[in-house]
Amino acid sequence: MGVNLHVDLETLQLIQGPGQRSAVAALRFKRGDAARLRVVFLESGVTPVTIGDPDELEIQIGIKPRNQFDHSYLAHCVDWSMPSEGDDTPTYECFLSFNTLQLNSALNIGSATDDELPEITLMGEITWREGMGEPTSTRTFLVVVENDVNRGTEGAPDDANPGNITLTGTIAALNLSGTNTGDQDLSGLAPIAHTHVVADIVSVASQRLIGRHTSGNGAAQEIQASGGIEFSGGAIRRSALTGDVTASAGSNATTIANDAVSNAKLANMATATIKGRATAGTGDPEDLTAAQARAVIGAYSQIDINTIIAVNNLVLPDANAMAYVAAVATAGATVTNGQRTAINTFISGEKTAGRWDKIKRLYFPVWGVTAANAICMKSLTSGTFSGGITHAAKGVYAAGFAGNMNANTNLGALGVTNTSYHFALLMPDGSEENYSIPFSVNNTANLNSIYPIWSDGFSSLRIMEKIFSGGFLTNLPSIMTTGNDSFAGNLYFKERLSGSTGEEIIAGSVTLPFPSANLFIIGLDNVSYGSMNHPIGAFSASTELSSAQDTAYTTALKTLWETVTGLTLP
Amino acid sequence: MIGFVTTQEQADAANAAIAKAQTDRGMPVFWLAGSIPIHSGEHAGMHFVPCDDSILSTPLIGNPIQTPVDYQEFAKIIESMGGLDVRIDLPAADLTSPDIEP
């Protein structure tokens with residue numbers, strides 16, 4: 001059965017034919033048959049024309065119950081043949097089946113309760129679209145489908161809505177061969193294993209996972225492995241750990257690298273504790289208290305040590321004493337145990353008496369070696385001997401009249417001032433005459449200078465503007481000292497012998513500031529004739545020592561010198 | 001007094017070389033030959049560098065005792081000043097500063 005349809009492209013109505021623009025009232029078909037439709041599109045209702053590129057053209061005809069536009073199709077066809085190129089009467093053809101499940105249902109065919117209808121009036125529409133362009137539809141036309149009388153020759157009814165195929169079961173159980181167009185509803189399929197092999201999945205770049213990293217539902221995406229994850233053969237694994245904790249790639253066996261655990265990464269410790277282990281047996285480190293630590297190493301506490309010292313009447317080596325002994329030994333001096341003890345006793349005693357801090361320079365040149373004799377017992381700095389100096393066991397003196405020792409510092413730098421000073425000079429033998437200038441800090445042209453031991457009957461003994469008579473001097477070996485006693489409000493000059501002390505007191509204080517020139521011992525800088533030609537066994541420059549402190553100090557100094565040299569001052 | 005009569009510059013250079021010999025050995029400068037201006041006599045205005053036997057035998061360091069002549073640098077310094085034979089015996093009075101009254 002063939003039906004010729006003419007579409008007026010101007011009015012979009014089905015018309016009688018070319019030039020016959022009256023509308024077709026209704027189309028009539030017979031149920032159970034497939035109607036061959038030949039559609040000609042007429043420009044201006046007259047001239048047959050094509051309606052688009054056959055390769056891009058989609059045409060469909062649909063039949064639904066009248067005025068039920070949202071109803072599913074009762075008959076429907078999208079499979080159209082296109083006219084040949086150059087055809088004078090381009091005609092579009094399709095076979096529209098009226099043997100459908102939906103149409104049978106509408107006619108009550110097979111109904112157990114309702115009688116079949118003789119015919120049914122439906123509505124139809126032809127729609128076409130070229131490519132992605134907007135679709136064009138005819139005006140809705142009436143379609144009358146008459147029930148058929150002779151049956152038994154038609155095939156099984158089609159589904160008029162193949163676009164909504166519902167599949168159940170499993171994909172493996174279904175036959176998906178052939179052509180299936182439109183959306184396929186696979187929601188009813190059981191999510192079971194299927195037979196797709198990996199190679200059937202869409203091609204992906206090397207070393208990528210399939211997943212989705214973009215927010216929201218959407219298409220699968222390629223995901224790279226990074227941030228410590230890497231591909232290894234057919235698997236992904238954690239990359240190798242480096243840094244403070246290391247592990248090979250893919251291994252959970254981690255190792256703390258050598259030297260990686262800083263103090264900051266250790267657990268906090270209580271104050272005054274150290275790492276160790278006091279508990280018996282092997283085990284974790286512990287934070288030990290001082291008492292625990294001492295027990296571990298078998299050490300005595302300071303209290304224990306003090307007790308031992310007191311009980312045994314011991315004298316501990318003084319750090320300054322050890323340092324001085326080490327310095328002079330390094331310089332080539334030979335220091336006996338007795339000498340070490342004497343030095344230690346002297347320095348410890350000075351500290352105990354509170355005088356050590358007051359002493360700024362103390363030279364003890366009894367070692368017979370220039371380098372050792374130049375070392376200050378207090379500061380460990382070195383002076384510089386110059387010229388002909390004799391280094392005797394009892395002390396140093398100018399060999400002839402040309403020689404001195406530069407202390408390489410000045411009194412001001414030492415904090416020794418005209419209001420806080422003390423000088424001591426131990427002279428083992430000889431007189432103070434012969435223009436001896438044991439130490440000076442200024443040139444001889446300036447009478448406001450420090451020549452405390454210059455007793456030549458001319459300049460006498462002087463500290464800046466203060467002059468002592470020196471009438472008590474005996475010209476015997478002695479320790480001579482001079483200093484200020486601010487508490488007593490006077491200046492003193494003493495010559496200390498073992499049996500007696502000559503002393504001269506001057507009231508008041510030195511008002512002129514001390515010179516800033518370097519401190520020289522034995523003689524003056526660049527002046528030979530005033531050098532000391534009798535030994536100096538010790539010399540010190542200090543800040544203020546009271547007269548009582550001076551007495552104690554010279555006693556200690558005498559003991560030191562006598563013990564170390566093995567000689568005796570009268 | 002036995003020693004070298006020289007200019008102040010040469011005397012300073014000799015003492016600087018002596019100092020360097022000590023600092024080069026990591027030691028402080030604990031000894032110098034010294035230099036004294038000559039105030040009177042035929043060499044007035046020059047400088048005197050003491051260099052008698054006591055200088056040459058000064059015990060600088062011990063264990064064992066080493067004197068200036070044990071140092072190679074000192075021999076060169078002596079040589080630079082003309083050698084020991086050019087030393088003179090200078091009257092001590094020539095070195096006495098006029099600022100000091102005997």
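This note sets out points on surface charge and backbone geometry in a predicted model.

1. Acidic surface patch. Four residues of chain A, namely Asp53(A), Asp55(A), Glu56(A) and Glu130(A), form a negative surface patch. Of these, Glu56(A) sits in the loop that runs between β6 (47-49) and β7 (57-65) of chain A. Its relative accessibility is 41%, so Glu56(A) counts as partly exposed; the exposed class would require over 50%.

2. Backbone at Ser44(A). Although Ser44(A) is not a glycine, its phi is positive, at about 55°. The residue belongs to the loop between β5 (34-43) and β6 of chain A. Ser44(A) is classed as partly exposed because its relative accessible area is 37%, which lies between the limits of 20% and 50%.

3. Backbone at Gln207(A). A positive phi of about 55° is also found at Gln207(A), again a residue that is not a glycine. Gln207(A) is placed in the loop between β15 (184-185) and β16 (208-211) of chain A. With a relative accessible area of 48%, Gln207(A) is therefore partly exposed, as the exposed class begins over 50%.

4. Cis peptide in chain B. The peptide bond joining Asn63(B) and Pro64(B) is cis, with omega about -10°. Pro64(B) lies in a loop of chain B, between α2 (53-56) and α3 (72-80).

Definitions and conventions. Residues numbered from 1 in each chain as written. Chains lettered and ligands numbered in written order. Predicted model: local features only at pLDDT ≥ 70, side-chain atom pairs only at ≥ 80, totals over all residues. Heavy atoms only, no water. Patch = residues over 30% accessible without salt bridge, like charges linked within 9 Å, V, L, I, M, F, W, Y side chains within 5 Å. Areas by Shrake-Rupley, 256 points an atom, 1.4 Å probe, with all protein chains shown as cover. Salt bridge = Lys/Arg side-chain N within 4 Å of Asp/Glu carboxyl O. Lys, Arg positive; Asp, Glu negative; His and termini not counted. Charge placed at Lys NZ, Arg CZ, Asp CG, Glu CD. Helix = DSSP H or I, 4+ residues; strand = E, 2+ residues; numbered from the N terminus. Buried < 20%, exposed > 50% of the residue type's maximum accessible area, 1.4 Å probe, protein only.
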